[in-house]
Amino acid sequence: MNAKEPLDEILESIKKFQQQAESFSKLLSHTKAIDHKVEGNILKYFIVTNDKFDQRSLGGEKRYHELLSSKFERIIAPMRELAKLHLATIQQFNRDIDKNYFSIEKTDHAVKSEKSMAIDGINLQRRILADAASDLDILRDALSDTESRIKKYINAGGTNNISEAESVMLIQKRSALTDGKNHQFDFSFFGLNFLDKTVILLGVHMKETSSQYLGKLMTAFEIR
């Protein structure tokens, strides 16, 4: 008799996500991934450009690489936890909520209003996770760009010398991080295309579409 109704449980899950997302959103602001965005890589193949990210030495490039890796790590770990909450919310919504859902204690109008709140909450979760995925994309590209500059120092001799073996190991270690293997988490799943953004802005949550989304969402935690 004291059991909570499914819609109440979903709204509580959404509230828990939002509480954790508040500090996470501040983390994204503080990390400032956008400061590391690499632009116009294709120009490097045709004209000589001044690379504002060039650290001018092997030591500088290594330190920059460590900074980028640290920022990536700080984002992906809590993002995974938020994504797990998102998954649980989607699973319960798809299992328990449909057009025939009713409440013993609430009016139809109240149920309709709370279902709308739940859909808005789910779409907000997707927007937050998409923002984090975008930042991780920026950092991954910046790491790859830094590794390209590090390769210029392979067998250069002197103080700015790195062996090919060390360069390969550096890239391998970074790949395990940015490919999601370290955290068993494919962050790239949460990137939004134009259609996704349109659906979210319209506040749409269709059962069939959501079922497909849920199936794909579960694979984001199945990296091998």
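**Exercise 1. Classify Glu-61: buried or exposed?**

Solution. Glu-61 has 0% relative accessibility, so Glu-61 counts as buried. The cut-offs are these: buried is under 20% relative accessible area, exposed is over 50%, and partly exposed is in between (1.4 Å probe, protein chains only). Before going on, note that this is a predicted model: local features need pLDDT of at least 70, side-chain atom pairs count only at pLDDT 80 or more, and totals for chains, interfaces and linings use all residues. Residues are numbered from 1 along each chain as its sequence is written, and side-chain values use heavy atoms, with hydrogens and water left out.

**Exercise 2. Find where Glu-61 sits and which residues Glu-61 is in contact with.**

Solution. Start with the element: Glu-61 belongs to helix H2. Helices are DSSP runs (H or I, at least four residues), as are strands (E, at least two), numbered from the N terminus. Next, set aside neighbours within four places in sequence. The contacts (heavy atoms within 4.5 Å) of Glu-61 then include Phe-53, Arg-56, Arg-149 and Tyr-153.

**Exercise 3. Describe Leu-67 in the same way.**

Solution. Leu-67 lies in helix H2, which covers residues 58-96. Its relative accessibility is 38%, so Leu-67 counts as partly exposed. Now take Leu-143, 76 residues apart from Leu-67 along the chain. Their C-alpha atoms are separated by 9.5 Å.

**Exercise 4. Summarise the chain.**

Solution. Count the elements: there are six helices and zero strands. Their order from the N terminus is α-α-α-α-α-α. Then take burial: 40% of the 224 residues count as buried. Finish with contacts: among those with a separation of 6 or more, 85% join residues 24 or more positions apart.
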